[in-house]
Amino acid sequence: MVHTLRMILGDQLSDAITSLDGLDPAHDRVLMAEVRDECTYVRHHKKKIVLVLSAMRHFADRLRARGVGVDYVELDDPDNTHALRGEMLRAARRLRPRRIVVTEAGEWRLMQDMAGWQEAAGVAVEIAPDTRFLCSHGQFRHWAENRRELRMEFFYREMRRRHDVLMDGDAPVGGRWNFDTENRKRMPAGTQPPLPPRFAPDATTAAVLALVEREFGAHFGVTAHFDLPVTHEQAMEALDHFVSDRLASFGDWQDFMRTGDPVLFHALISTSLNCGLLDPLVACRAAERAWREGSAPLNAVEGFIRQILGWREYVRGIYWLRMPGYGHENALGARRALPWFYWSAETPMNCMAQAIGDTRENAYAHHIQRLMITGNFALLAGLDPDQVDEWYMVVYADAYQWVEMPNVRGMALFADGGVMGSKPYAASGAYINRMSDYCGNCAYDVKRATGDGACPFNFLYWDFIARHERRLGANPRMAMPVRTLSRMAPARVAAMRAQAGRFLDGLNPEPPAIVATASS
């Protein structure tokens with residue numbers, strides 16, 4: 001008889017996951033299930049599905065090698081109920097365990113479902129905390145309590161102290177907490193970043209690739225050239241390569257964007273962190289060690305650690321603190337439908353074409369492409385947060401709602417009204433031109449704000465400021481653009497707003513073929 005049935009989800013692929021605490025291989029059984037519900041609640045990028053299913057199969061093999069009994073339900077099992085609850089109930093009926101243990105889910109929708117598992121199964125279900133994160137829900141709530149503003153910077157400092165990362169006693173090493181102002185340089189044209197390691201598909205991944213093409217072939221993206229880490233060992237190799245070969249240059253150019261090179265000096269470990277193959281504190285310690293040994297500068301190491309120990313933990317805290325209401329925030333009243341080019345990458349705006357094209361091919365874009373290209377356009381154009389949220393969930397292999405939603409609704413769209421950001425991250429074409437090489441090959445002129453060939457980011461920016469002038473005027477960090485707008489000639493403002501209106505009215509939410517059919 002099975003004593004404990006231990007269920008592991010697709011983003012819980014860690015030896016230290018709490019559902020395995022106290023595991024007795026002689027009397028316990030692990031359950032893992034590939035279910036259609038989790039592949040299609042949004043139509044995930046094909047590479048995301050390949051990543052999770054392949055990593056799950058490899059993790060099951062890792063457990064079996066330790067002598068652990070694993071009941072593994074593959075997607076094409078004819079008896080598969082294609083729901084996590086359904087597979088839990090089916091295993092409970094078959095194995096008759098005394099209890100079921102599962103680690104808390106990373107998304108609100110699943111936690112709501114798990115709350116009913118015990119009643120449905122008729123057996124005790126223990127939902128254990130997820131201790132892989134470096135800040136518990138209770139710790140975040142305690143930090144947030146009675147604060148007027150929940151700014152990441154102050155949370156980050158607390159996390160540095162708590163985990164003794166980049167600290168000299170109670171003070172930050174180097175005398176500063178944050179070196180972000182040193183991490184906004186333009187990369188010289190001839191700079192050639194070292195290529196990251198590529199992980200060729202083994203037989204397990206090859207089988208998953210064929211399965212995904214067969215079952216989810218109509219989903220966004222491609223499976224060609226899949227090379228993401230799918231095991232703990234591969235994830236550690238990716239981290240080690242980043243620390244030794246790219247970390248030293250990461251800081252200076254972390255915000256830069258270059259045509260045909262979406263990786264540059266970035267780490268490419270977010271997929272491994274978010275599905276459990278890599279421990280976040282291990283990544284932070286590896287970077288800190290590089291600085292202490294003199295192989296990477298402090299601005300690079302601090303910038304990297306801030307993304308993990310700061311932003312990653314902070315957005316998870318905000319998500320669980322503010323849900324479920326956070327998923328309905330729309331402070332700016334944005335209602336415009338998502339344009340079709342977010343799926344096709346077919347747009348004369350070269351920055352958008354590059355960022356979306358990279359995303360379609362790789363299920364990846366770095367943080368500035370996400371925030372200041374696709375996110376910035378969505379903010380300026382007033383795109384519906386629900387549709388933008390779904391797009392970000394679909395297209396990125398590292399996207400889970402706890403990390404995606406606050407970054408989109410809070411940082412990119414300002415839909416939370418300033419819970420996360422002290423101001424909207426709105427920018428004109430000048431920012432994109434400064435931080436990329438995209439504008440030199442664009443159909444539009446980045447220096448023009450009106451007339452033929454004017455960069456849409458320019459007239460959309462001033463239209464955004466004008467639309468929300470009253471709200472933004474009360475924000476000290478937006479005072480300068482609001483004052484600039486007030487000093488512009490009324491005719492110039494009217495021309496930019498008229499051009500913005502025509503441009504936005506011309507955005508099609510459906511593919512051209514569908515639009516043509518509908519109008520014929």
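Guide: A pocket is an open set of points on a 1 Å grid over the protein atoms alone, with protein on both sides within 12 Å along at least five of seven lines; lining residues have an atom within 4 Å of a point. The model is predicted, so local features need pLDDT of at least 70 and side-chain atom pairs pLDDT 80 or more, while totals for chains, interfaces and linings use all residues. Numbering starts from 1 along each chain as its sequence is written, and side-chain values use heavy atoms, without hydrogens or water.

Take the second largest pocket. Its volume is about 570 Å³ (the space filled by probe spheres set on grid points, which are joined across faces, edges and corners). The lining has 33 residues. Nearest the centre of this pocket lie Arg198, Asp227, Val263, Leu268 and Asn362. By class, 18 lining residues are nonpolar, six polar and nine charged (Ala, Val, Leu, Ile, Met, Phe, Trp, Tyr, Cys and Pro count as nonpolar; Asp, Glu, Lys and Arg as charged; the others, Gly among them, as polar).

Three helices, α9 (232–253), α10 (270–275) and α14, each give at least two residues to this lining (DSSP runs numbered from the N terminus: H or I of at least four residues for helices, E of at least two for strands). The largest share is four residues, from α14.

Of its 13 lining residues, the closest to the centre are Cys351, Cys439, Cys442, Cys455 and Phe457. Two or more residues come from each of α14 (350–362), α18 (429–434) and α19 (456–467). This lining has eleven nonpolar residues, two polar and no charged.

The whole structure holds two cavities of 30 Å³ or more. β2 (28–33), α1 (36–40), α2 (46–65) and α4 (108–114) each supply at least two. Helix α2 gives the largest share, five residues.

Strand β2 brings in the sheet. Five parallel strands form an open sheet, ordered β3-β2-β1-β4-β5 (strands pair if DSSP finds at least two bridges). β3 (70–73) and β5 (124–128) are the edges; each has a single partner strand, so one side of each lacks a neighbour in the sheet. The average twist is 20 degrees from one strand to the next. Strand β1 (residues 4–7) runs parallel to β2, joined by four bridges. Leucine 5 stands opposite arginine 29 in β2. Helix α2 packs on the sheet and touches β2 and β3, making about 160 degrees with the direction of β3 (contact: heavy atoms within 4.5 Å; angles run from 0 to 180 degrees between N-to-C directions, with axes fitted to C-alpha atoms, for helices over the stretch in contact).

Last, a helix pair. The axes of α7 (residues 152–163) and α12 (residues 298–322) come within 9 Å and cross at roughly 105 degrees. That makes α7 roughly perpendicular to α12 (65 to 115 degrees; under 35 is roughly parallel, over 145 roughly antiparallel, the rest oblique). The contact includes Phe155 and Arg160 of α7, and Arg306 and Trp311 of α12. By class it has seven nonpolar, two polar and four charged residues.

Definitions and conventions. 1 Å grid on protein atoms, 1.4 Å probe; cavity = no way out; pocket = protein on both sides within 12 Å on 5 of 7 lines; lining within 4 Å.
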